[in-house]
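Work through the exercises below with the sequence and the model side by side, and try each task before reading its solution.

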Amino acid sequence: MSDIQFMQAALIQAAHAASVDEVPVGAVVVKDGFIIGYGFNQPISNSDPTAHAEIIALRMAAQHLHNYRLVGCELYATLEPCVMCAGAILSARIQRVIFGAPDLKAGACGSVVDLFSEPRLNHHAAITGGVCSADSVQLLQSFFARKRKKI
C-alpha cells in the first residue's frame, strides 16, 4: 500500500472522531505494510488529555507487537503531531511519521517546533508532511464550521 492509502485509513479514523463530536484527527501505525494500530481523537469523551489519535494508535500497535518499542513502524496522522504525541512517537522508536495537515498552533514536526530534528535527542524519525493535506484540512474546517453554527 502507498502513503496515500494508509493516510486514507487515518482519514477514516478522523471521520469517526468527528462523528462523536471530537476534533477530527485520526492515526494508524503500519509495520511491514499492515496496519497494526489505529485511533482517533477521544480526549473529550474519555476525559483524558492524552487520548489523542496518535497515542491510541501507538498503544494498540504496542499491544499487537507485545513491545513498547515499535521499531520498523510508521505512523500516519491526519494532523501534524503535537509535542506530547511527538514525544511518545520518539519513545516508541517509530522510524517514519507521515502527516496530512500542518498544525500551525501546536505542530511538533516543524510548524511550531521540530522535536524530530533535535540533535540532543537519542532517536529521530523521518518526517513526510502534506500527504492528503486537502482532505485533512477539509475535515477540520467543516468540523469547526459546524461547531461555530451550534454556538
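The model is predicted, so local features are taken up at pLDDT of at least 70 and side-chain atom pairs at pLDDT 80 or more, while totals for chains, interfaces and linings use all residues. Residues are numbered from 1 along each chain as its sequence is written, and side-chain values use heavy atoms, with hydrogens and water left out.

**Exercise 1. Helix H3**

Task: Compare the span of H3 with the expected one, then state which of its residues are buried and what they pack against.

Solution: Begin with the limits of the element, where helices (H or I, at least four residues) and strands (E, at least two) are DSSP runs numbered from the N terminus. H3 covers residues 53-65, which is 13 residues, and its first and last C-alpha atoms lie 18 Å apart, close to the 18 Å expected at 1.5 Å a residue; the expected span is 1.5 Å times one less than the number of residues.

Next, apply the burial classes, in which buried means under 20% relative accessible area, exposed over 50%, and partly exposed in between (1.4 Å probe, protein chains only). In H3 the buried residues are Ala53, Glu54, Ile55, Ile56, Ala57, Leu58, Ala61 and Ala62. Taking contact as heavy atoms within 4.5 Å, these residues pack against strand E1 (26-31), strand E2 (34-40), strand E3 (73-79) and helix H4 (83-92). Finally, look at the residue that follows H3, His66, whose phi is positive, near 55°.

**Exercise 2. Helix H4**

Task: Which residues of H4 are buried, and how are they placed around the axis?

Solution: The buried residues of H4 are Cys85, Ala86, Ile89, Leu90 and Ala92. They cover an arc of only 165° around the axis, which puts them on the same side of H4; the arc is that of the directions from the helix axis to the C-beta atoms.

Just after H4, Arg93 takes a positive phi of about 70°.

Then consider Ala88, which is also in H4 but counts as partly exposed at 24% relative accessibility. Leaving aside neighbours within four places in sequence, Ala88 is in contact with Ile55 and Leu58. Ala88 and Ile55 are 33 residues apart in sequence, yet their C-alpha atoms are 7.1 Å apart in space.

**Exercise 3. The strands around E4**

Task: Describe how E4 is paired with E3 and with strand E5, and say how many of the residues of E4 are buried.

Solution: Two strands pair if DSSP finds at least two bridges between them. E3 and E4 pair in the parallel sense over five bridges, with Arg96 of E4 as the bridge partner of Glu74. E4 is also joined by four bridges to E5 (residues 126-129), and these strands run parallel; here Arg96 stands opposite Ala126 in E5.

Six of the six residues of E4 are buried, so this strand is largely enclosed by the rest of the structure.

**Exercise 4. The nonpolar cores**

Task: Find the residues with the most contacts inside the largest nonpolar core, and name the element that gives this core its largest share.

Solution: A nonpolar core is a set of buried Ala, Val, Leu, Ile, Met, Phe, Trp, Tyr and Cys residues joined through side-chain atoms within 4.5 Å. The largest one has 27 residues, and those with the most contacts inside it are Val29, Leu58, Leu70, Leu75, Ile89, Ile94 and Phe116. E1, H3, E3, H4 and E4 each supply at least two residues of this core, and the largest share, five residues, comes from H3. Apart from this core lies another, of eleven residues, among them Ala9, Ala10, Val28 and Val131.

**Exercise 5. Positive phi in loops**

Task: Are Asp32 and Ser47 buried or exposed?

Solution: Asp32, in the loop between E1 and E2, counts as exposed at 63% relative accessibility, and its phi is near 55°, a positive value in a residue other than glycine. Ser47, in the loop between helix H2 (43-46) and H3, counts as exposed at 67%, and it has a positive phi of about 50° although it is not a glycine.
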